[in-house]
Amino acid sequence: MDRRRNRRVAAFLTVRIWGVDAKSMPFTQHAQVRNISDRGAVLHGLIRPVKAGEILHVQHEQDQAQFRVVWVGRQGTQRQGRIGIESLPSEPSIWDVNLLHCGQVVGKG
């Protein structure tokens, strides 16, 4: 059973992220979005380690917003280099995607 509160759809987008890494050093890099929901996303390809609870800035095309890191993939697992992020309540959606429509299309296979 899926414990997620929001519908997620597969996505293959490149974003620019910046913030502070696990060693309190500022960084910026590009990463790939693997899936999105109306409240968050899973990012892949992180080079710098980050901590859960940190705030990251994410830019997709011309839109940007702040997100909180909710989980970090552990080294040596399939999730290594991946993080789960959740948008802050006051931030706009930066994904130019109709999630309800995408979920319906995926469901029809």
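A salt bridge here is a side-chain nitrogen of Lys or Arg within 4 Å of a carboxyl oxygen of Asp or Glu. By that rule the count in this predicted model comes to one. The partners are Arg 48 and Asp 21, whose closest N and O atoms are 2.9 Å apart. The pair links distant parts of the chain, 27 residues apart: Arg 48 is in the loop between strand E3 (40-44) and E4, while Asp 21 is in the loop between E1 and E2. Helices (H or I, at least four residues) and strands (E, at least two) are DSSP runs, numbered from the N terminus.

Some ground rules first. Residues are numbered from 1 along each chain as its sequence is written, and side-chain values use heavy atoms, with hydrogens and water left out. As this is a predicted model, local features need pLDDT of at least 70 and side-chain atom pairs count only at pLDDT 80 or more, whereas totals for chains, interfaces and linings use all residues.

Now for the overall layout. The chain has one helix and six strands, and along the sequence they follow the pattern β-β-β-β-β-β-α. Of the 109 residues, 33% count as buried, where buried means under 20% relative accessible area, exposed means over 50%, and partly exposed is in between (1.4 Å probe, protein chains only). With contact taken as heavy atoms within 4.5 Å, residues 24 or more positions apart account for 51% of the contacts in the chain with a separation of 6 or more.

Leaving aside residues up to four places away in sequence, Asp 21 touches Phe 27, Arg 48, Pro 49 and Val 50. A polar atom of the Asp 21 side chain also lies 2.8 Å from the backbone nitrogen of Lys 23.

Next come the paired strands, where a pair needs at least two DSSP bridges between the strands. Strand E4 (residues 55-60) runs antiparallel to E5, and six bridges join the two. Val 58 stands opposite Ala 65 in E5. E4 and E5 form a hairpin with two residues between them, and Glu 61 in the turn has a positive phi of about 55°. E5 also pairs with E6 in the antiparallel sense, over five bridges, and here Val 72 stands opposite Ile 83 in E6.

What about the aromatic rings? A search of the whole structure finds one aromatic pair. Phe 67 and Trp 95 form this tilted pair, 6.1 Å centre to centre with 40° between the planes. Phe 67 lies in strand E5 (residues 63-72) and Trp 95 in the loop between strand E6 (82-87) and helix H1 (99-108), so the pair ties together parts that are 28 residues apart in sequence. Rings of Phe, Tyr and Trp (its six-membered ring) pair if their centres lie within 6.5 Å; planes under 30 degrees apart count as stacked, over 60 as edge-to-face and the rest as tilted. Phe 67 is buried at 2% relative accessible area, and Trp 95 counts as buried at 8%.

Another ring, that of Trp 71, has the charged end of Arg 79 sitting over it, 4.1 Å from its centre. That label requires NZ of Lys or CZ of Arg within 6 Å of the ring centre and within 35 degrees of the ring normal.

Terms used
Polar contact = N/O pair within 3.5 Å; in protein donor to acceptor, adjacent residues only side chain to side chain.
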